[in-house]
Amino acid sequence: MQKEPALKIHPTATMFPKLGKDELHDLAESIKTDGQHEPIVLDADGVLLDGRNRLAACEIAGVKPRFTTYTGKDPKGVILSHNLYRRHISKGQQAMIIAIARSFSEHPLRHHAKLHSISLTRLSNATTVLQHAPHLAEQVRIGAISLDAAYSTVRDNKARAAAIQAQYARLREHAPDLAEQVTEGLLTLDDATAALDQREHEERLRQSVKLTDALRLADGDPAPPLVQLVEQGEITWSEGHERAEQFLTHRRDAIHQAQQALRVIAENWAAVQDLADRPGTPYARDVLGGLTPEARSLALSLTTLV
């Protein structure tokens, strides 16, 4: 294939993928047989706006190309209108070419979506890919990957970046020393985060053990405080927390048993009152005489409360 004539090509026109070798030769055969149906469009300065493939095909076919001159004020619009819909390019490629060609600072995306009859969502996705991953935008433009695949990659990358930023922000807030080590390259972000997680876990254990110690002291438990044992190195925080949980479980069981016993006494309080009303009688002696020493002592104590 011979080289194209030395015409300057408008940058927007270069964004449209050129025909493959076989397609270009088919176009050359068509021009050679049936003639050039559409002229090649130049602007007033001789810059090619539309017809790169026709120009190359004419040269291959040995046919003198036919030109026309555009004198309007919107060369980009002409290029887009001539090329977007008659070429075999995907909707994703169309959206990406529009995103690259147009300056969205002048008009909102909705304007361009309506102007070019293209999905606003697709155009928005193309713009996002172009802004955050120009190398992927180029792959979409030439049809190497789909717009959906590129957008999914960009979205995943943004999510990962946001997660990393949040991870580092958490370090700066709760562990500035670890954040500094990450900045200096002494720790990886994951290792620093794991260290912070361990610190916070131990702090939760410490608070739990501390609260249990306070409860044990208030209950009159004579055992040494668990926090003291941890600080002396006799047990770990995990072991201290385990002992605290065992104490709380035992305490709950003891409370439950005491409540059950007191309910039984309450349900039978009439017997205590009856016994208190007949002290020293044969009835009282017979009742007390049939009890164990512990039960008899309890009964005598209760009758004094009536």
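# Close-up views of a predicted model

Figure 1. V287 comes out as partly exposed, at a relative accessible area of 32%. Here buried stands for under 20% relative accessible area, exposed for over 50%, and partly exposed for what falls in between, using a 1.4 Å probe and protein chains only. A word on the ground rules: this is a predicted model, in which local features need pLDDT of at least 70 and side-chain atom pairs count only at pLDDT 80 or more, while totals for chains, interfaces and linings use all residues. Residues are numbered from 1 along each chain as its sequence is written, and side-chain values use heavy atoms, with hydrogens and water left out.

V287 sits in helix α15; helices here are DSSP runs of H or I with at least four residues, strands are E runs of at least two, and both are numbered from the N terminus. Together with Y283 and L291, V287 makes a nonpolar surface patch of about 210 Å². To join such a patch, a residue needs over 30% relative accessible area and no salt bridge; nonpolar side chains (Val, Leu, Ile, Met, Phe, Trp, Tyr) are joined within 5 Å, and like charges, in patches of their own kind, within 9 Å. The areas come from the Shrake-Rupley method with a 1.4 Å probe, and for residues only the protein chains shown count as cover.

**Figure 2. The second largest pocket.** This pocket has a volume of about 280 Å³. On a 1 Å grid over the protein atoms alone, a pocket is an open set of points with protein on both sides within 12 Å along at least five of seven lines, whereas a cavity is a set where a 1.4 Å probe fits but cannot get out; lining residues have an atom within 4 Å of a point. Grid points are joined across faces, edges and corners, and the volume is the space filled by probe spheres set on them.

The lining of the second largest pocket counts 13 residues, with A271, V272, L291, A299 and L302 nearest the centre. Helices α14 (269-277), α15 (282-289) and α16 (293-303) each supply at least two lining residues, and α16 gives the most, with five. By class, eleven of the lining residues are nonpolar, two are polar and none is charged. For that tally, Ala, Val, Leu, Ile, Met, Phe, Trp, Tyr, Cys and Pro go down as nonpolar, Asp, Glu, Lys and Arg as charged, and the others, Gly among them, as polar.

Figure 3. E138 and R141 are three residues apart in helix α8 (residues 134-141), so about one helical turn separates them. E138 is partly exposed at 33% relative accessibility, while R141 is buried at 11%.

Figure 4. D197 and R170 meet through their side chains in a salt bridge (2.7 Å, N to O). The pair links distant parts of the chain, 27 residues apart: D197 belongs to helix α11 (residues 189-219) and R170 to helix α9 (residues 147-174). D197 is partly exposed at 35% relative accessible area, and R170 is partly exposed at 24%. E200 comes into the picture too: R170, D197 and E200 are linked in a network of salt bridges.

Also in this view, E203 and R206 form a salt bridge with closest N and O atoms 3.2 Å apart. Both lie in helix α11, three residues apart, about one turn of the helix. E203 is partly exposed at 36%, and R206 is partly exposed at 26%.

Figure 5. V78, in helix α4 (residues 75-83), is buried at 12% relative accessible area. V78 and D50 are 28 residues apart in sequence and 8.1 Å apart in space, C-alpha to C-alpha. S81, also found in helix α4, is partly exposed at 48%.

**Figure 6. G92 and R141.** G92 is part of helix α5 (residues 91-101) and is buried, with a relative accessible area of 9%. G92 and R141 are 49 residues apart in sequence, and their C-alpha atoms are 8.0 Å apart.

Note on methods:
A salt bridge is a side-chain nitrogen of Lys or Arg within 4 Å of a carboxyl oxygen of Asp or Glu.
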